[in-house]
Amino acid sequence: METLLAEVSADHLIYCGANRFGSAVQWLTQWPVTAEAVGVLSPGLRDALFVQYCNHVPQAKRLAEAEVRWGGESSIAAACRELERRGARSGSVATIGPLAADQHTLLCERFGTIVNLNRAYLRVRMVKSAEEVDWLRIGARMSDRAMMALRDGLRPGLTERQLGDMIERAYVADGGTNVIHYIGATSMHDPRLAVPAQFLSTRPVTAGDIVFAEISAAFWDYPGQVLRSFAVAAEPTPLYAELHAVADAAFDALSTALRDGALPADVIAGADVIERAGFTTIDDLLHGYGGGYLPPVLGSRSRPAGRIPKEPFKAGMTVVIQPNIVTPDGRAGVQTGEMVLVTTTGIERLHAMPRGFVTV
């Protein structure tokens with residue numbers, strides 16, 4: 001962070017988060033954001049961290065590698081006073097995190113033009129240290145436990161909400177937290193759903209359904225991500241067998257091409273198998289992960305995710321390969337994929353959940 005500040009001729013950094021969002025706060029201080037937190041970083045000085053809710057301060061003092069204080073009426077106003085105490089000049093302050101409009105206005109009134117370092121911060125987070133990879137392995141293992149619990153407990157009669165409860169029980173007792181568990185269920189003979197739902201319903205699972213899920217459990221701020229599909233009490237129909245075969249082929253093509261120095265365009269070239277089979281996608285094919293939803297974000301030929309970046313992959317990146325194949329009418333689809341580590345020679349699996357379209 002000090003190197004980034006020097007590059008933009010800034011002397012101080014404001015980093016913030018709110019409502020459990022804002023990864024820079026936890027990365028720099030170890031404090032998981034609760035309601036609101038605003039940090040002040042100045043080279044050579046201990047960070048100051050202002051926590052909005054007074055009753056959150058005691059634990060923040062135990063966990064955070066910073067001088068923790070209550071933010072009072074306004075944490076950003078308290079941070080501005082701290083900047084003034086540190087001698088901050090106009091044009092010398094940069095920010096990372098989700099600043100609200102009134103927070104940005106207050107900073108500008110006190111310190112002039114504010115430098116936005118969010119993109120630079122994302123670039124820093126794209127390549128993981130060995131220590132971060134170790135923590136991500138824990139998140140991956142917890143996510144695997146959750147998906148295995150879904151596979152082993154799935155049966156007709158359970159609702160999507162009950163499946164969600166089953167998933168969280170697999171890691172909560174060991175300090176894991178839910179990032180997402182998206183679940184969908186629909187009949188394979190009369191499909192009405194192509195992608196898991198973000199909010200779970202009371203629909204009961206029935207024999208002949210497909211149940212698909214995208215699960216991320218985290219240990220502190222380090223998650224895994226695993227996606228799988230299950231056929232319930234029946235073999236996959238020909239349509240679903242073909243959908244999953246294409247998804248597997250796309251996953252294999254992406255993972256085979258992925259390595260240090262590989263260009264994004266070359267990595268996703270093999271995913272044309274999707275369109276050749278007459279299908280499309282409903283989500284990104286690949287995205288960076290761990291410290292946020294990170295670049296590169298790559299879509300398929302029929303559902304692009306914007307400009308394909310030219311920057312090559314680097315060893316130490318963690319990315320999620322997730323070819324979510326759907327029919328063009330959006331009625332049927334499958335999920336498969338997982339987070340992997342990019343290495344100098346290819347990829348390393350971080351997940352142990354077996355691949356494949358399993359009948360349960």
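**Entry: Gly299**

I began with Gly299 and looked up what it touches: leaving aside neighbours within four places in sequence, Gly299 is in contact (heavy atoms within 4.5 Å) with Ile268, Leu285, Pro304 and Ala305. I note at once that this is a predicted model, in which local features need pLDDT of at least 70 and side-chain atom pairs count only at pLDDT 80 or more, while totals for chains, interfaces and linings use all residues. I also note that residues are numbered from 1 along each chain as its sequence is written, and that side-chain values use heavy atoms, with hydrogens and water left out.

I placed Gly299 in the loop between β13 (293-298) and β14 (318-321); helices (H or I, at least four residues) and strands (E, at least two) are DSSP runs, numbered from the N terminus. Is Gly299 buried or exposed? I found that Gly299 has a relative accessible area of 9% and is therefore buried, where buried means under 20% relative accessible area, exposed over 50% and partly exposed in between, with a 1.4 Å probe and protein chains only. I then compared positions and saw that Gly299 and Ala352 lie 53 residues apart in sequence and 25 Å apart in space, taken from C-alpha to C-alpha.

I kept a general point in mind here: most residues other than glycine have a negative phi, and most peptide bonds are trans. In strand β13, where Pro296 has its place, I found that the peptide bond from Pro295 to Pro296 is cis, with omega near -5 degrees.

I next looked up Gln30, which is not a glycine and yet has a positive phi near 75 degrees; Gln30 is in the loop between α2 (23-29) and β2, and it is partly exposed, with a relative accessible area of 36%. I noted a positive phi, about 55 degrees, for Ala233 as well, a residue in the loop between β10 (226-231) and α9 (238-257) that counts as partly exposed at 48% relative accessibility.

**Entry: Thr343**

I found Thr343 in the loop between β16 (337-342) and β17 (347-349), and with a relative accessible area of 19% Thr343 is buried. Not counting residues up to four places away in sequence, Thr343 touches Arg259, Asp260, Ala315 and Glu348.

**Entry: the open sheet**

In which order do the 6 strands of the open sheet stand? I read the order as β4-β3-β2-β1-β5-β6, with mixed pairing; two strands pair if DSSP finds at least two bridges between them. The edges are held by β4 (67-70) and β6 (115-116), each with a single partner strand, so one side of each is left without a neighbour in the sheet.

**Entry: helix α4 and its partner α5**

I looked at helix α4 (residues 75-85) and found it mostly covered, with 8 of its 11 residues buried, among them Ile76, Cys80 and Leu83. The buried residues of α4 pack against β1, β2, β3 (48-51), β4, β5 (93-96) and α5 (101-111). After α4 comes Gly87, whose phi is positive, near 80 degrees.

I looked up how α4 packs with α5 and found an angle of about 20 degrees, with the axes 10 Å apart; axes are lines fitted to C-alpha atoms, for helices over the stretch in contact, and angles run from 0 to 180 degrees between N-to-C directions. That makes α4 roughly parallel to α5, since angles under 35 degrees count as roughly parallel, over 145 as roughly antiparallel, 65 to 115 as roughly perpendicular and the rest as oblique. The crossing of α4 and α5 is right-handed, a crossing being left-handed if the near helix is turned anticlockwise from the far one by less than a right angle, and right-handed if clockwise.

**Entry: helices α7 and α8**

I ended with helix α7 (residues 130-153) and helix α8 (residues 160-169), whose axes come within 8 Å and cross at roughly 135 degrees. That makes α7 oblique to α8, and α7 passes α8 in a right-handed crossing. I listed the residues that meet: Ala146, Ala149, Leu150 and Gly153 in α7, and Leu163, Met166 and Ile167 in α8.
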